[in-house]
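Hi,

Here is the structure I promised to pass on. Have a look at it first, then read my notes below.

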Amino acid sequence: MRKNSTEGLFHIGKTLPYLRAEVRIAVLLVTFLTISIHSFGQRTISGKVSSGNETLAGVTINEKGTGNSTFSDVNGRYTIRVQGTSPTLVFTFVGFETQEIVAGDRTEINVSLTESATSLDEVVIIGYGQAKKSDLTGSVSSMNAESIQRANKTNAFQAMQGQVAGVNLQMTDNKPGGAFNVRIRGSNTINSGESIENAGYTAGQNPLYIVDGIFVNDISFLNPADIDQMDILKDASATAIYGSRGTNGVVIIKTKGGAKGRLSVSYDNYFGTKQAYNLPDMLQGAEFVEYFKDAVVGLQWAGGNMDFGREDVDLSKYMRPNELANINANKYTDWIKLVNQPGFQTNHTVGLSGGTENTTFGLGMAYTKDEGTFEGEAFERYTMRANVNSRILPNVTLGYTNYIALSTRDEGSKEGLRSAYRLRPTGSPYDDNGNPQFFPLQGESFITNPLFEADNWVNQTRVLNYLGNISLEITPLSNLKFTSNFSPNVEFTRLGEYRGRYSKATSGNQQNTRAVVNNRNRMSYTWDNILNYNWTINPENNLNATFVYSQFYDRYENYNMERRNFSTDQYLFYNLGAGSVLQSATSGFSKQTLESYTGRLNYSHKGKYLLTLTGRYDGSSILAANNKWAFFPSAAIAWRIVEEDFMKDQNAFSDLKVRLSYGQTGNNGTGGGLSPLASLSLIGSNFTNIGDQVIQTAFISGLANQDLTWERTKEWNFGVDFGLLKNRITGTLDIYSRLNSDIIFFRPVPTATGYSGVFDNVGEATNKGVEFAVTSKNINTGDFRWTTSLNFAANRNKITQLYGGVDEILFGVQGGSYIHRVGHPIGSIYTWEFDGIWQLDELEEARKVGQLPGQVKVKDIDNNGVINADDRTVIGSALPKWTGGITNTLDYKNFDFSFFVYTSQGARSNSYFHISHSGGFDATPGRFNSLKTNYWTPDNPSNDWYQPSNNGPYAGALQYPDVSYVKVGYITLGYSLNQNFLDKIRVKSARLYVTGQNPFTFTDYVGFDPETAVRNSYASAHMTRTWMGGVNIKF
Amino acid sequence: MKKNLLAIFFAALALTSCKDFLEEENRQSLTGNEIFKDPSSFDQLVAETYYRARWATSTYDVDQLGTDIYTRGGIVAGIDELNDYVNLRPFNGSVISSWNNNYGLIAAANAAIDRSAEITGLTEAVKARGLGEAKFFRAYGYFNLVEQFGAVPLIVNEVRTAQTDLTRSDEGQVYTQILKDLDDALAGVEESPALYGRVSKDAVRHLKSKVLLTRGYKSFKGASDFTDAAALAEAVISKHPLAADFGAFFTKAGQRNPEVVFSVLYGSNPVTRREGNSRHLLFKFSYDVYPGMTRSTLYHRGLGPAPTPFFYTLFEEGDKREAATIRRTLLAELADAERGVKVGDTVIHFPKTAWSAQEIASKKYTVVNPGSYFTPNGTTQIQYPMFRKFDDAGVPYTNPGINPEGERDAVIMRGGEARLIAAEAYLNAGDKAKAATHINALRTRAGLSKMYTADEVTLDVILDEGAKELAGEVSRWMDLKRTGKLMERAMAHNPHVALNKALKEFHLLRPIPNSEIDASGGTLDQNTGY
């Protein structure tokens, strides 16, 4: 007996060599306590736990009805002392069916566990707690480590993209390290301050992200391979516990933690090469010259000179000798090809985990590099995580988690790619000696050679992100638990920018060289105190109550300095003092806080009738003084029909549950762009010059709205969870109806008032939708398995009421024209409707509305023969009509093959590409290259596109194309090495794979990427695909 | 026991959640409650009107385009909303800027005026002067608005709650308000402010004379508008005599002299210069694509508008203003060995009278005859003698979209304009002799010997003289509109307007920005024709 226990002790000491001394002492102490308690056991049972031909380590073996337990070791072996004469052993392991075995008088019991056929025992994090999936009453979608790993993305957002019904992601930027915006169940509100740089969205409407209990604004700093589980809380009942913070949905992420058992080490990597694709078809070579002539003609036609034809065009009047020489020599430059280059991508992730009965730990390190397809663009990230969880006393558990990420994002030039799209193919990138020339077109001194950009424009953001969480869990009674989580988040960001002498922005002028350094730091913390009481009233009735008091504090500072006129480009932005002109030095501060009291009650009757009640009383600092506090209740019921007696005799359903929930959440306005202090009327300040003195000025910077109050969301959700044919097919269907009232929006007021608008509660809107997810094990024979997962979501957004006696609010965002109109989606596109091109035989008709043949024709909506502002109409919305994704996984023997396709359908978007790179009017005809279009000429009576340089006043009607797409997210082929072989070299598993990331896109949209259509081509990048290969090894 | 401990813990928590936690902390800006306790805050509110006046005095597009002497910088083909009056719509950016810039100025003035009653500790003298300055700028803003847009919302109080249902007051009411403000301003501001650049009584008189002169043409004119305008102009002229040397006046060194009535100052200190003056960018073409030329701190870049060919024909031989206003020869700033150009060589020359083909062929440099300014020559689309009047040598060359950073004063009112106002007012009041005196005073300073007799003075003569005297300084569009000559002279002399023949009577009012109508919920109506 003693021998056994020393062995165990030794074993622990040996397998935890990396634990810090204190932890080891704690481990030893706890182990010692455990030993001393159990050292008078009566006999031992030992054996081996396996699954198929794989041994299982870390399986918990418990003597039923007692506290005796142990776990299996590296070889799957276990030994347990038992007290009963005929004990029952319970074998539990995550992801496997629990087995109970009556030991009788056996001393050796070998067990083979089977993988859980159902995912019902999966634990889902539900906010301030966790629940079995089968007990959920709200709408929650989960992604596990496996599906995240399969997606194999560089960014945690990308891993989610298209995989979860009702979650829409939008990239803001195709450059490496670009940000994402996430919309769960449609748009709640719209921010009129949205910018093209953010692809039309701001972060304010993004869901709440919680990483290991820590509230963060962004999850792009995470290494996806570190993620163990992502749970997306969608309906108001699930999110209600987060009150105002959960109104846009909640994404809860658990990073890989420790697991009981021997030390486990994993190493994953990939290497890949990235290419730009789906490039817009620009005019190249001689085609451009033809277009150019048509533009010269178009300019004459626009002025009414319809006798002017192509034969009248004298190129030598418009083009410089070097261009004419290039044309004669048939020497053209495809600028886009010239600047495109492959990018390199790699990732290395090392993870360790292990633990004893009472202490578990996990740690990991990772490196990611992701290069762009324009020279100078790159993203690099180092991450380190560590967590330890220890039961320091029988009823006290202490946990500490931290995650550190250091990322460097080189955005490169913001102008380079745009210049490549603007420059005429008739220019010369190199001079006669083969050196790049700064101005490749002699007649164009504004657009410069993009080959200079990488060396002359540095734009680098370094972010150090630290997440910590100390959690103390006290269990004074077996059914009472108190948890206090203190979670700080510190983020230091440094943006450094240098524009050297030969960038487009400086156009060769030393005086315009500039260095900018912007330092920002954010320090926030969340402090949650949770009291949980679990009361098993009797075997049939269980009550679980949770109370939470929570504080959130967020403090932000920024410092910005710019100097100009550097005599050398040597320093970049590291020597601000070397610039002779101090351009600006500014700083800023903001703080916001939230405070809340929350309660939740879960009641379960016979495990088939489930009830959840939640209430949260929330206070927000940024709302007006009298409206800071609000209460958000929710309720949900679920009925596990499959547990009913009348279901016992059927075979079709292996699981069936219906859920109904109702809840309210609130939004304190950040989604509408409300920032701290915005409900106050503040005094701004400038400096002006009177008498050459520095005179300070004061102005009232905005209108105050002392009545501003919470935006509220009320949501009904009806859901069905089902399993068919012994869970060969499992799925979830949710139907919801969400009403947002008191929507906070920056309502425009006439500028004549001196202000552009005011934050106001403007009206009400509904989001109604359906979400469907199903997983089917189509084939499941020994060697061959084929699984298909499919998700689908459709959302209809509609404004039902606007306050203040109006039925519409018109507004503009970055050159786009939008409307909130009752009966239409929020922020619908409101403009003239394209109706073809005015043709030659319509001359008289065209003249009546002040137009000419060749120009864009729009519909006369009010049919009064005049085209004016009254003829604008709702032509669509940026919200997709439906989205979906499908994943297929095929395993044959050691091979695995999977591919994932997702789609977004029915959205229209303001397309910057159509505005800027498609041949719009310019006083200088054909000054910039253009998209290849079927444009109108006197000989080509097209109805698709206007005559170059004769677009007419309503060409804007062409700038809102449909941006539907189908994208293949990945295609992966993997091979797992033979287990017998691996066992010999003590490797648990090893897999090699090749994958194509984002390999194909199908869309009618022309432009860089339908997802980022609204984005300005300034600072933009192409869509890319990556081909890569890698290994996954576990020891 | 443990339960008790927990109870104590929660009680402690409840205590920590004191009220302060949700208080906003404001470090980045002041609120009215804080700042208006300090009397100096009033000076700051007034100073903001000076700051915003920079934008209200640089609405070049609506002031210059589509007139007899300025047009867009493109070949004579195609269309342009604002210059050519083709499809001019309420979405035009320049029109919207004009509206916004002037109302922005008015809002700052309204805030100063209204808050003066709330700020404690103000001395009467400071208050009177500040109110005078604010009302001067408010009048300036409304004068621009009423001439550009006609009836406009008359907002004379600080807007403190979200107000959308604005309505337009007719032109007469707006003029009444402008003149009331100017009378208050005249009483409030100082005769000779100690600080250069501060609004003086003469600045108010100057503006008032122009406002009265303008109203004199209207149906709601006052009985003595023209004579009152003349009298005020005379008062200004008496204290702001013409500077002896027109050329010296328009150098950076000579920009401050007694002729100046009011200037908006920028200066070289980046703190106060901010975005900077942009006048030095006016009326320039893409000269830098010629060999030996570069995007330099001498010639700077073009803003777009170009003078019309007609403008150049106005200068008589010997008019000193011509050389001070335009540059007929551009010299190389860079050597270009390939094309044999040395620094200082002539690169482009614009002879005043056409050279023969033979003479042109004999030159190494580009020669552009009058009449070829709007014809593409294989290097540039258009080319013309560029303005030099506002040159700000040494100020960085900046790209479009980047702050121009000009340092020079923007002279808004000067004795020369007062002479023209006086001449026009006398002409309309029937005193042609006095009108001739003022015109001739300008011509004498310009070094011309031909003088006008009383009988020769017409509105066209005054407008021609104004074109040369004030080129780029004042709103040509408003001058032409006031005198009823816009349609006639633009059609006759603006090549693009003539090409498109779209200018109609209704264009004498600009379209009300549609975004304003949208935001008003429809209470604002649109001008006819749009």
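**Where the two chains meet**

Across the interface of chain A and chain B, 23 residue pairs are in polar contact, with both residues at pLDDT 80 or more. Keep in mind that this is a predicted model.

As for the overall extent, 100 residues of chain A are in contact with 97 residues of chain B. The area buried between them is about 8,100 Å², and carbon and sulfur atoms give 58% of that. A:Ile683, A:Ile690 and A:Ala752 supply 8% of what chain A buries against chain B, more than any other three residues.

Three salt bridges are counted between chain A and chain B. One of them joins A:Arg872 to B:Asp518, with the closest N and O atoms 2.9 Å apart.

**Inside chain B**

E6 and E7 (residues 346–349) of chain B pair in the antiparallel sense over three bridges, and B:Leu330 has B:Ile348 as its bridge partner.

Over all chains, the salt bridge count comes to 94. Here are a few from chain B:

- B:Asp84 and B:Arg72 come to 2.6 Å between their closest N and O atoms. B:Asp84 lies in helix H5 and B:Arg72 in the loop between strand E2 and H5, so the pair ties together parts twelve residues apart in sequence. Both residues are buried.
- B:Asp391 and B:Arg327 meet at 2.7 Å, N to O. This pair links distant parts of the chain, 64 residues apart, and both residues are buried.
- B:Lys468 and B:Glu465 meet at 3.6 Å, N to O. They are three residues apart in helix H18 (residues 459–469), about one helical turn, and both are buried.

B:Lys468 and B:Glu465 also belong to a network of salt bridges in chain B, whose members include B:Glu259, B:Arg321 and B:Arg443.

Cheers

Conventions:
Residues numbered from 1 in each chain as written. Chains lettered and ligands numbered in written order. Predicted model: local features only at pLDDT ≥ 70, side-chain atom pairs only at ≥ 80, totals over all residues. Heavy atoms only, no water. Contact = heavy atoms within 4.5 Å. Buried area = accessible area lost by both parts, 1.4 Å probe. Salt bridge = Lys/Arg side-chain N within 4 Å of Asp/Glu carboxyl O. Polar contact = N/O pair within 3.5 Å; in protein donor to acceptor, adjacent residues only side chain to side chain. Pairing = 2+ DSSP bridges. Helix = DSSP H or I, 4+ residues; strand = E, 2+ residues; numbered from the N terminus. Buried < 20%, exposed > 50% of the residue type's maximum accessible area, 1.4 Å probe, protein only.
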